[in-house]
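Please look over the sequence and the model displayed here before reading on. The report below takes up a few local features one after another.

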Amino acid sequence: MTTTKGEDAAALFVGGWSCSQAVCCAFAKDFGIDEKTALRLSCGLGGGMGHTGNACGAVSGALMVIGMKYGRMSIEDLASKEKTYEVAQKFVKEFRERNNSVNCSELLGHDLSDPEKLKAARETGVFKTICPKLVCDAGDILETLL
């Protein structure tokens, strides 16, 4: 049975990787990036950028994937830069339409930058109940855009 990239990413997340790592890693091999490199590069983005509650890690991981596909590799390549931004904007728009936000704290209903509220988020289980869908959505949206 074939799975979607969203399902692959969600499985990685449920298996213990952060949201950003799960999304980034689900696509890395498609762009010649080894798994260990993808995991390291995306590690600090989980929990809304290192548990600051800002941009959702699944979104950040997805933007990394968009960069893997379209990102410019020379200063003169403005067309690739613009293509990257165009696809990134489409991704963010679709993710926001599905989930009403791209902000981790808003998506989870907890201010992850506050240690007590992060603890409460863990105790209520939002990382297990909400995040798998967000990670899956990010992967599925990417699959349609790339």
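This is a predicted model: local features need pLDDT of at least 70, side-chain atom pairs count only at pLDDT 80 or more; totals for chains, interfaces and linings use all residues.

**Packing of two helices**

Two packed helices are described by the angle between their axes and the distance between the axes. In this model, helix α2, which covers residues 19-28, packs against helix α10, residues 131-145, at an angle of about 30 degrees, and their axes are 9 Å apart. Because angles under 35 degrees count as roughly parallel, α2 is described as roughly parallel to α10. On the side of α2, the contact is made by Cys19, Ala22, Val23 and Phe27, while α10 contributes Val135, Ala138, Gly139, Leu142 and Glu143. Sorted by class, the residues in this contact of α2 with α10 are 7 nonpolar, 1 polar and 1 charged.

**An aromatic pair within a helix**

The structure holds 1 aromatic pair, and its members are Phe91 and Phe95, whose ring centres are 5.9 Å apart with 25 degrees between the planes. The pair is classed as stacked, because planes under 30 degrees apart count as such. Both Phe91 and Phe95 belong to helix α6, where they are 4 residues apart, or about one turn of the helix. Phe91 has a relative accessibility of 0% and therefore counts as buried, and Phe95, also at 0% relative accessibility, counts as buried as well.

**Two residues with positive phi**

Which residue lies in the loop between α4 and α5? That residue is His51, in the loop that joins α4 (46-49) and α5 (57-70), and although His51 is not a glycine, its phi is positive, at about 60 degrees. A positive phi is also found in Asn100, again a residue other than glycine, where the value is near 70 degrees. Asn100 is placed in the loop between α6 (78-99) and α7 (104-108).

| Residue | Relative accessibility | Class |
|---|---|---|
| His51 | 30% | partly exposed |
| Asn100 | 68% | exposed |
| Phe91 | 0% | buried |
| Phe95 | 0% | buried |

Note on methods:
Residues are numbered from 1 along each chain as its sequence is written. Side-chain values use heavy atoms; hydrogens and water are left out. Axes are lines fitted to C-alpha atoms, for helices over the stretch in contact, and angles run from 0 to 180 degrees between N-to-C directions. Angles under 35 degrees count as roughly parallel, over 145 as roughly antiparallel, 65 to 115 as roughly perpendicular and the rest as oblique. Contact means heavy atoms within 4.5 Å. Ala, Val, Leu, Ile, Met, Phe, Trp, Tyr, Cys and Pro count as nonpolar, Asp, Glu, Lys and Arg as charged, and the others, Gly among them, as polar. Buried means under 20% relative accessible area, exposed over 50%, partly exposed in between (1.4 Å probe, protein chains only). Rings of Phe, Tyr and Trp (its six-membered ring) pair if their centres lie within 6.5 Å; planes under 30 degrees apart count as stacked, over 60 as edge-to-face and the rest as tilted.
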